[in-house]
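Student: Could we go through this model together, setting each value against the definition behind its label?

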Amino acid sequence: MSKTKNTNKTDRLDIRCRPEIKNLANKRAHEHNLTTSKYICNLIEKDEQNISHEQLIEQSLKENLFINSLLTNEGLSSRSKQFIGKEIKKYV
């Protein structure tokens, strides 16, 4: 998704949903002082920024592999390894 926002609203999105979903969308939009269209667009944009569970696991595995490679590196001093371990504990 592009960082610059295009404010040209030329496309339409027609969806089918149950009446209670439509009513809920209208209610939530009103609570946020938005049009229903803007409210739904905001939800979609927010969802685009979310990271999936699988992506989070993959990212964590890469980080763990990197940290383990540092801690098992024979060229790194014990003091350096202790410092890395101490710093990692702050984030666990």
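Student: At what angle do the axes of α1 and helix α2 (residues 36-49) cross, and within what distance do they come?

Tutor: This is a predicted model, in which local features need pLDDT of at least 70 and side-chain atom pairs count only at pLDDT 80 or more, while totals for chains, interfaces and linings use all residues. Residues are numbered from 1 along each chain as its sequence is written, and side-chain values use heavy atoms, with hydrogens and water left out. The axes of α1 and α2 come within 8 Å and cross at roughly 90°; axes here are lines fitted to C-alpha atoms, for helices over the stretch in contact, with angles running from 0 to 180 degrees between N-to-C directions. Helices are DSSP runs of H or I with at least four residues, numbered from the N terminus.

Student: Why are α1 and α2 called roughly perpendicular?

Tutor: Angles of 65 to 115 degrees count as roughly perpendicular, under 35 as roughly parallel, over 145 as roughly antiparallel and the rest as oblique. The crossing is at roughly 90°, and α1 and α2 are therefore roughly perpendicular to each other. On the α1 side the contact (heavy atoms within 4.5 Å) is made by A25, N26, R28 and A29, and on the α2 side by T36, Y39 and I40.

Student: What makes α3 and α4 roughly antiparallel?

Tutor: The axes of helix α3 (residues 53-71) and helix α4 (residues 78-89) cross at roughly 150° and come within 9 Å, so the pair is roughly antiparallel. In this contact I67, L70 and L71 of α3 meet K81, I84 and I88 of α4. These residues divide into five nonpolar, no polar and one charged, where Ala, Val, Leu, Ile, Met, Phe, Trp, Tyr, Cys and Pro count as nonpolar, Asp, Glu, Lys and Arg as charged, and the others, Gly among them, as polar.

Student: How do you know that the length of helix α1 (residues 19-31) agrees with its residue count?

Tutor: The expected span is 1.5 Å times one less than the number of residues. For the 13 residues of α1 this gives 18 Å, and the end C-alpha atoms are 18 Å apart, which agrees.

Student: Why is the pairing of E31 with R28 called a salt bridge?

Tutor: The term requires a side-chain nitrogen of Lys or Arg within 4 Å of a carboxyl oxygen of Asp or Glu, and the closest N and O atoms of E31 and R28 are 3.5 Å apart. Both residues lie in helix α1, three residues apart, about one turn of the helix. By this rule the count comes to five salt bridges, among them D14 with R12 at 3.8 Å and E87 with K90 at 3.2 Å.

Student: What makes E87 partly exposed and K90 exposed?

Tutor: Buried means under 20% relative accessible area, exposed over 50%, and partly exposed in between (1.4 Å probe, protein chains only). E87, with 24%, is therefore partly exposed, whereas K90, at 57%, counts as exposed. E31, at 45%, is partly exposed, as is R28 at 31%.

Technical notes
Helix = DSSP H or I, 4+ residues; strand = E, 2+ residues; numbered from the N terminus.
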